[in-house]
Amino acid sequence: MYNQRVMDHFSQPRNVGDIPDADGVGEVGNPVCGDIMRIAIKVRADRIEDIKFKTFGCGAAIATSSMVTELVKGKTLQEAEEISNRTVAEALGGLPAIKMHCSNLAADALHRAIEDYRRRNGGAVGPGGAPSVAAGARAASGPAAHDEDKCPSCCGKIAQLGRELAEGRDITAGPPSDPIK
Amino acid sequence: MTQTTASRRVYLDHAATTPVRPEVAEAMLRFMVTDFGNASSVHSFGRVAKEATENARAQVASLMGARPEEIVLMSGGTEADNMAIRGAVLANAGRGRHVITTKIEHHAVLHTCEGLEKEGLAEVTYLPVDAQALVSAETVAEAIRPDTVLVSLMFANNEVGTIQPVAEVGRLCQGKGILFHTDAVQAYGALPVDVDALGIDLLSASSHKIYGPKGIGALFIRKGRKVHPLITGGFQERNRRAGTSNVPGAVGFGLAAELAMKEMEGRRRRLVALRDRLINGLVKKIEFTRLNGHPTLRLPNNANLSFEFVEGESILLSLDMKGVAASSGSACTSGSLEPSHVLLAMGLPPEVAHGSVRMTLGTGNTDEDVDYVLEVLPPIIDRLRAMSPLHAKVVAERVARKGG
C-alpha cells in the first residue's frame with residue numbers, strides 16, 4: 001500500500017512535538033474526516049529555525065507531516081511557502097491515489113503556521129498562506145457542523161476526486177488546478 | 001511493501017477470511033484432478049461429481065437444520081444476499097414492494113437495497129440500532145406495513161459482532177406472508193443456527209468464513225417460498241442458479257460445515273475465553289479504550305475496540321509491523337473516506353469511529369497470541385497518542401482541572 005519511504009516517515013517520524021514559545025502555529029483538518037495536523041514554527045531572520053508537528057490521522061497523514069517538516073527546516077519563509085502538498089507527496093516517492101486528497105494536508109498546515117507568524121508580526125499575509133477563494137466559497141456553503149475553513153482539502157476534495165475518477169483522469173498525478181498552490 | 005521484522009505472526013482477521021483446513025483442501029483436490037467431471041453430465045465422471053455435490057449440500061443444510069433441497073449453492077455470501085433480496089422483491093412484486101432492513105447490514109445487503117430503490121422496485125426502511133448495535137424487535141414490528149414483503153436482518157454483525165434478535169423477528173414475520181431473510185455469514189458455523197426454530201425463510205452463508213474455500217456459499221430458501229433467480233442459463237441448482245457446479249468448492253464447503261458442527265461447542269468456548277482475555281486486557285492496559293458492540297450478545301471471536309485520539313489505519317500499520325493482522329472501521333481502510341457505517345449508526349462520534357480496530361480470533365489462535373497483542377499494542381497506542389494533537393488537548397484539560 002505505502003512505499004518504503006512513506007513507511008520510514010510513518011514509523012520514525014521526524015520533528016514530532018510542540019514548540020512552547022512558537023512564533024506561528026497552523027492547524028488543518030477535522031476529527032470528522034479523520035485527519036488533524038498541527039504545525040508549530042520558530043522563525044529567526046525570516047528562516048524556519050525549528051518546526052514540530054502533531055498529527056491525528058492515517059499513515060499518509062503522519063508521513064506527510066514528517067516529510068514537510070524535514071523539507072522546510074532551515075528554509076526561508078518564502079521557500080517554505082512554495083512547498084505544496086504535491087511537493088510533499090513527490091518527496092515521499094508518491095502516495096496511493098485515494099490519499100492524495102484526503103490525508104495530504106501537511107503543506108496546508110505549514111502555510112497556516114507561516115500565515116499565523118506573519119499576522120502576529122503585523123506583516124502582509126504571503127501568497128501561500130491565504131486560504132484560497134475556492135476554500136472560502138466552500139466554507140460559506142458547507143454544512144454548519146463541519147469546519148471547512150479548517151478542512152479545505154477534505155470534503156470539497158472528496159467530491160472533486162469523485163468527479164475526476166468519473167472523468168477517467170489520472171488522479172495520482174494531481175489535478176491541473178490544485179486550489180492549494 | 002511494509003517490512004515486517006516481527007518475531008511472531010498473529011492473524012486476527014478471521015471475520016475477513018479464514019485459512020482452509022488442510023483436510024478440507026485435501027478433500028477438494030480429488031475433485032479437481034481425478035474426479036473432475038461436470039456434475040450435470042450423464043456419464044460416470046459426471047455422476048461422481050454430482051454425488052459429491054449432493055453430499056456437500058446435505059452437510060451444508062445440516063448445519064442450519066435445513067433440508068438439502070432448500071440449499072442453493074452459489075459463489076458466496078454476497079451473491080446469496082443479492083439473490084435473497086433482489087430475488088424476493090422481484091418474485092413478490094404483485095404483493096407489495098416494501099422492504100425492512102437495518103443500518104448496520106453488510107454492504108451486500110445495503111447496496112442491493114439501494115439499487116432496488118433507485119430502480120423503483122422497492123421502498124426500503126433502514127432501521128436504527130442502539131449504542132451496542134442491537135436492533136429491537138419492536139422497531140421491526142412498528143415498521144411492518146401491509147405491503148411489506150421482506151425483512152432482512154443480519155444474524156450477527158460482521159464489524160462489532162452483536163448478535164441480533166433473529167428468533168423474535170422471525171416470529172413477527174411468520175403468518176403475515178412476509179419473507180424473513182438473515183445474512184448469517186458471520187454466525188453460520190460459529191453459533192447454533194436452526195432455520196425452523198428461528199422462523200427463517202432465507203439465509204445467506206459463506207464457506208470461507210468457516211475454514212472452507214473462497215468462491216462458494218449458499219442461500220437457504222425455505223420450501224414453498226418464491227425467489228427469482230439472478231443468474232440464468234442452465235438448469236443447475238433446480239433452476240435457481242445457473243452455471244456449472246463448483247464441485248471442489250462444494251466438497252470443501254460441505255466438509256468445513258461438518259467440521260464446524262462437530263467442533264462448534266469446543267471452538268466457541270475456546271474463542272470466548274481468548275476474546276474476553278484480549279478485550280479485558282486491552283481495556284485495562286490502555287486508557288480511553290472502549291469496547292464496541294454488545295458485551296455478551298457477541299460473536300465468540302469478535303473484539304472491536306476504539307482507542308480514542310488515534311486513527312485506525314495508523315494502528316493497523318503499526319500492528320502489521322509487529323506481525324499482527326487486524327482490520328479497522330476507519331475511513332482509510334474502507335476506501336470510502338467515511339468511517340464505518342456500523343459504528344456511526346451506533347452513535348459513535350466520527351473521531352472515535354476512526355480509531356476502531358477489529359480483531360477476530362480463529363481456531364489457530366492461542367493464549368500466546370493474545371499475550372503478544374497485549375504486549376505490543378499498548379506501546380503502539382502510546383506512540384501514536386504522543387503524536388496526536390487530540391490527545392494533547394485532553395491531557396492539557398486534565399492538567400488544568402487538577403490545577404484548578
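## The nonpolar cores

In this predicted model, the largest nonpolar core has 86 residues. Those with the most contacts inside this core are Met64(B), Leu202(B), Ala218(B), Leu219(B) and Phe220(B). Helix H8(B) supplies the largest share of the core, nine residues. Both domain 1 (10–18 + 263–403) and domain 2 (22–260) of chain B give residues to this core, so it lies between them.

Which residues does Phe220(B) touch, leaving aside its neighbours within four places in sequence? Phe220(B) is in contact with Met64(B), Ala66(B), Glu70(B), Ile71(B), Val195(B), Leu202(B) and Leu203(B).

Chain B is divided into domain 1, made of residues 10–18 and 263–403, and domain 2, which covers 22–260. The C-alpha centres of these two domains of chain B lie 30 Å apart. Where the domains meet, 23 residues of domain 1 of chain B are in contact with 25 residues of domain 2 of chain B.

On the domain 1 side of this contact, the elements of chain B that give two or more residues are helix H8 (247–285), strand E10 (302–307) and helix H11 (341–345). The largest share comes from H11(B), with three residues. By class, this side of domain 1 has eight nonpolar, twelve polar and three charged residues.

## A buried strand in chain B

Strand E3 of chain B spans residues 98–102 and is mostly covered, with five of its five residues buried. Both faces of E3(B) are covered. His98(B), Ile100(B) and Thr102(B) are buried on one side, and Val99(B) and Thr101(B) are buried on the other.

E3(B) runs parallel to strand E4 (residues 123–127) of chain B, and five bridges join the two. Within this pairing, Ile100(B) has Thr125(B) of E4(B) as its bridge partner.

## The sheet of chain A

Chain A holds an open sheet of three strands in the order E1-E2-E3, with antiparallel pairing. Strand E1 (24–30) and strand E3 (47–56) of chain A stand at the edges with a single partner strand each, so one side of each has no neighbour in the sheet. From one strand to the next, the twist averages 15°.

Strand E2 (residues 35–44) of chain A is joined to E3(A) by nine bridges, and the two run antiparallel. Ile41(A) stands opposite Ile51(A) in E3(A). Helix H2 (residues 59–72) of chain A packs on the sheet and touches E2 and E3 of chain A. The direction of H2(A) makes about 175° with that of E3(A).

## The contact between the chains

How many residues does each chain bring to the contact? Chain B brings 23 residues and chain A brings 20 residues. On the side of chain B that touches chain A, two or more residues come from each of helix H9 (312–321), helix H10 (331–334), helix H12 (350–353) and helix H14 (389–403) of chain B.

H9(B) gives the most to this side of chain B, with four residues. The residues on the side of chain B that touches chain A divide into 13 nonpolar, seven polar and three charged.

How values were computed. Residues numbered from 1 in each chain as written. Chains lettered and ligands numbered in written order. Predicted model: local features only at pLDDT ≥ 70, side-chain atom pairs only at ≥ 80, totals over all residues. Contact = placed C-beta atoms within 7 Å. Nonpolar A, V, L, I, M, F, W, Y, C, P; charged D, E, K, R; others polar. Domains from an automatic or database assignment. Core = buried A, V, L, I, M, F, W, Y, C linked by C-beta atoms within 7 Å. Buried ≥ 20, exposed ≤ 12 C-beta atoms within 10 Å, placed from the backbone. Pairing = 2+ DSSP bridges. Axes fitted to C-alpha atoms, helices over the stretch in contact; angles between N-to-C directions.
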